[in-house]
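Please read them with the structure open beside you.

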Amino acid sequence: VILLYPYTLLLIPLYWLCDRLCFYRASKLYLSNYDLVLKSASNSRDYKRFLEYIIVISLIFAIATPAKREYKLLNTQKGYSIALLLDASYSMLEGKRFTRAKEALKSFIKARNRDRLALEVFGDYAQVASFMTYQKEGLFTILDYLKPAIVGGRDTALNEAIFLGAKLFDKEEEQNRVMILLTDGLDTVKNVPLDIVLKELKSKKIRVYTIGVGDDYKKEVLKKIANETGGKFFAISDSNSLNSIYKSIDNLEKAKIKSIKVTSYSYYYQYPLLLATILLTLLLILNFKERSISIFLVLIFSLLALFNPPNEINKKEEKNSKLLVAIDVSKSMDLKDLYPNRFKFAIHKLDRLLRYLRGLNVGVLLFSDSVYLLSPPTSDYEALRTLLKQVDIKDIKRGKENWSSLIDAVSKFRDKNSTSLMVFSTGEGIRDINRLSKKLNGIKLYIYPTATIKGAPFIDENENLSVSYLVESKLSKLALKNGGKFFNLDKTDSDIKDIADTLSKKEAIDISDIYTDKLYIWLLLIALIILFYRRLK
Amino acid sequence: MKELKEIIIKTRRYLLLNSKGEYQSHFLGEGLDFRELREYSGSDDIRHLNWKALAKTSKAMVNNFNESRQLSTLLIYLNSGGLIVGKPKSKKEVAIELLTSLSYASLKDGNLVGSLFFDNRAIAYYPPKRQKGIVDINYNLAKGLNPLGSYIDYEALSNYLLKHLRKKSILYLIGDFMEFANLSNLAKFFELNVLIVRDDLDENLPTGEYQIIDTKSLNKKFINIDKKSAKRYKEALMAQDSKMFNLFKRDGIRWKKIYTNEDIIKSLILFTKEP
């Protein structure tokens, strides 16, 4: 345990001096029988002075802030970067290989909670599913979406996948680059020669672990890749043992984790402060008849300081507020009055928006009759954008937009941090503005229109021709009523920055929090000044 | 000098107002005042033999008279440090007033007047004589004394008096008697009158934080006097006083507490005229 501000202890001799010298201001009193006075007056004064001394000393110690310096071993920053390459060709359907591989990957991802992970799938061509990220939730969501042949399933673009996978490490630390490749075939696309792939891997110092499933793959190739890059090759005939292989890779790489020291402090100032507060209360009770205002004030300030512990700045992440983005997927969203259609227009806007947003955890919902959670709130925008690109709404049951069920769903995400909702919609489904506002109950509502005022014609369920158009008045009313904003439709992307500013500015964390960090010190200093002043009178 | 005159004028006024009679001494002596008939003991003067009584009772009887004339009075000014205390009039001023007034009154009564200034030793001693200047002398001497830092040694006082004052005398002790004083030794030989000068501050302490200073040793200390300690102090002082007064009573000493805010000379004259 050390003192963060050891020089504050100099206040103790200062107080003592003040007590000795400043006290001369006390009036002199000549006494004819001094001894008798001393005998009668001795004890009462002394224990109160003693108490006050202890209070002052403990307050000074609290200001000096005893803290324990802790060296935490952090490897988040310099952990591993792992690219997971997953074969998604048709052949992976065999014996539920793909599903098992996904399960194995999930448990692997869970185990590597300090590493940055990327996910790539390959079939006819290679496709990055997720860039390097710490956010595991995003990866899981994406994994759930993956299915064989998502990127074409007839061929296996193995070399291309490795080559592309190597690019994922461009922005990563030089050390600890690991690639895990799972395949059940051999390179059939042949657009990248193996030599070049190996050169690329070596120059980027990537260790490749290769896993061959089934019997169709070329053992020599995978072995060569693994051996030349310093990895290891695993062969399995059945996909059941996949889990164990990922586990063994996990173990292999764990031993090499290089961690860095990070100093952090745990504060103990509360203990002397607590002592001071108790003694102050005691003193206040003892001096009850004198109604000592100064001691009362000191007590108040000490209590305030006690309940204002230093805020840890690194809690910032948790303080992010939530922005839920809901995209209308009702049938009218297929209309083409916006290019290429309303839904894709909304997706495009959101994608652009994510480039500029900051300090927000963004979650995405789709809603029509019912509400679908596309992604829980995350600060990993890159993963989110990848996800958005792959959004497929063909399988979703799409009816008319139902605002009240959307708001019900959103309310579940409400927490102590402020939550706001941004809706891409035409506003045709809004019935009762007041009821919706009531349901929102403090959630700020921002609305971006996804239709033109002119609208577009469509054939409704009764085979009648009708027009779907923007209900601007209702939407803007609803947004204003809930402390948000109704954005005007802009077919170009020039409004994105403004939108991002509006959302970020209002929802980003209050920066003053960081500066109030050590408020208790100021509170205690005020308390101490009052105690010093008591000596001066 | 103006003060001195004032004191004297005041004393004269009260003497005039209270002139009931002369001072009644308890001493047996050469006066004209018959007091009692007593059996002759070896130490008696044969001139006082009562012959008629001798004839009647065939025992040698002696006439005893009250001492009435030429009483010798010694005024003792006890210069203790505590005398500087007192507001608005200090105890020292009061003590000087008492001393001057007493000197004048005793002189006026036709007594022999002397004075002794004492703390832990004799500062000045004027044996009882018929001397007119004694009022001025006492006034000026007392005025010139600085009490701060001095204390009274009662034992030294009795030793000094027993050594230097052979004649039976009436002694007036003027001081604040803030400490317990045992005057039994003196009371055996002299008639004692004790004038205790007190200030309110001596008995009722103010509350608050003070730097207290001992007027005797000049020691200093910071203390906080609260109501409780003030009360405790007063109780302790009263206990000490009553213990002292009980002793005075036993020894036949007359005493009077005079506060600085009183009409001092009036209290004094009334005290001297008390039977």
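1. How are H9(A) and H10(A) oriented to each other, roughly parallel or roughly antiparallel? In this predicted model, the axes of helix H9 (residues 270-286) and helix H10 (residues 293-306) of chain A come within 10 Å and cross at roughly 150 degrees. Angles over 145 degrees count as roughly antiparallel, and H9(A) and H10(A) are therefore roughly antiparallel to each other. Their crossing is left-handed.

2. The contact between these two helices can be followed residue by residue. On the side of H9(A), the residues that meet H10(A) are Gln270(A), Leu273(A), Leu274(A), Thr277(A), Leu280(A), Thr281(A), Leu283(A) and Leu284(A). Their partners in H10(A) are Ile295(A), Phe296(A), Val298(A), Leu299(A), Ser302(A), Leu303(A), Ala305(A) and Leu306(A). As background to the spacing in such lists, an α-helix has 3.6 residues a turn, so residues three or four places apart point the same way.

3. Elsewhere in chain A, Thr229(A) belongs to helix H7 (residues 219-229). Is Thr229(A) buried or exposed? Its relative accessibility is 11%, and because buried means under 20%, Thr229(A) counts as buried. The side chain of Thr229(A) reaches the backbone oxygen of Ile225(A) at 2.7 Å, and, if neighbours within four places in sequence are left aside, Thr229(A) is in contact with Leu201(A), Ile206(A), Arg207(A) and Val208(A).

4. Turning to chain B, an open sheet of 6 strands runs in the order E5-E4-E3-E6-E7-E10, and its pairing is mixed. The edge strands are E5(B) and E10(B) (254-259), each of which pairs on one side only. On average, neighbouring strands of this sheet are turned by 15 degrees against each other, with direction ignored.

5. Within this sheet, E6(B) deserves a paragraph of its own. E3(B) and E6(B) run parallel and are joined by 5 bridges, with Tyr77(B) standing opposite Ile174(B) in E6(B). E6(B) also pairs in the parallel sense with strand E7 (residues 191-198) of chain B, over 6 bridges; here Ile170(B) stands opposite Glu191(B), and Leu173(B) stands opposite Val194(B). How many of the residues of E6(B) are buried? The count is 6 of its 6 residues, and both faces are covered, with Ile170(B), Tyr172(B) and Ile174(B) buried on one side and Leu171(B), Leu173(B) and Gly175(B) buried on the other.

6. The last point concerns helix H5 (residues 154-164) of chain B, whose buried residues are Tyr154(B), Ala156(B), Leu157(B), Ser158(B), Tyr160(B) and Leu161(B). What covers these buried residues includes the strands E3 (72-78), E4 (112-118), E5 (122-129) and E6 (170-175), together with helix H6 (184-187), of chain B.

Conventions:
Residues are numbered from 1 along each chain as its sequence is written. Chains are lettered from A and ligands numbered from 1 in the order in which they are written. This is a predicted model: local features need pLDDT of at least 70, side-chain atom pairs count only at pLDDT 80 or more; totals for chains, interfaces and linings use all residues. Side-chain values use heavy atoms; hydrogens and water are left out. Buried means under 20% relative accessible area, exposed over 50%, partly exposed in between (1.4 Å probe, protein chains only). Helices (H or I, at least four residues) and strands (E, at least two) are DSSP runs, numbered from the N terminus. Contact means heavy atoms within 4.5 Å. Two strands pair if DSSP finds at least two bridges between them. Axes are lines fitted to C-alpha atoms, for helices over the stretch in contact, and angles run from 0 to 180 degrees between N-to-C directions. Angles under 35 degrees count as roughly parallel, over 145 as roughly antiparallel, 65 to 115 as roughly perpendicular and the rest as oblique. A crossing is left-handed if the near helix is turned anticlockwise from the far one by less than a right angle, and right-handed if clockwise. A polar contact is a pair of N or O atoms within 3.5 Å; within protein, one must be able to donate a hydrogen and the other to accept it, and residues adjacent in sequence count only if both atoms are side-chain atoms.
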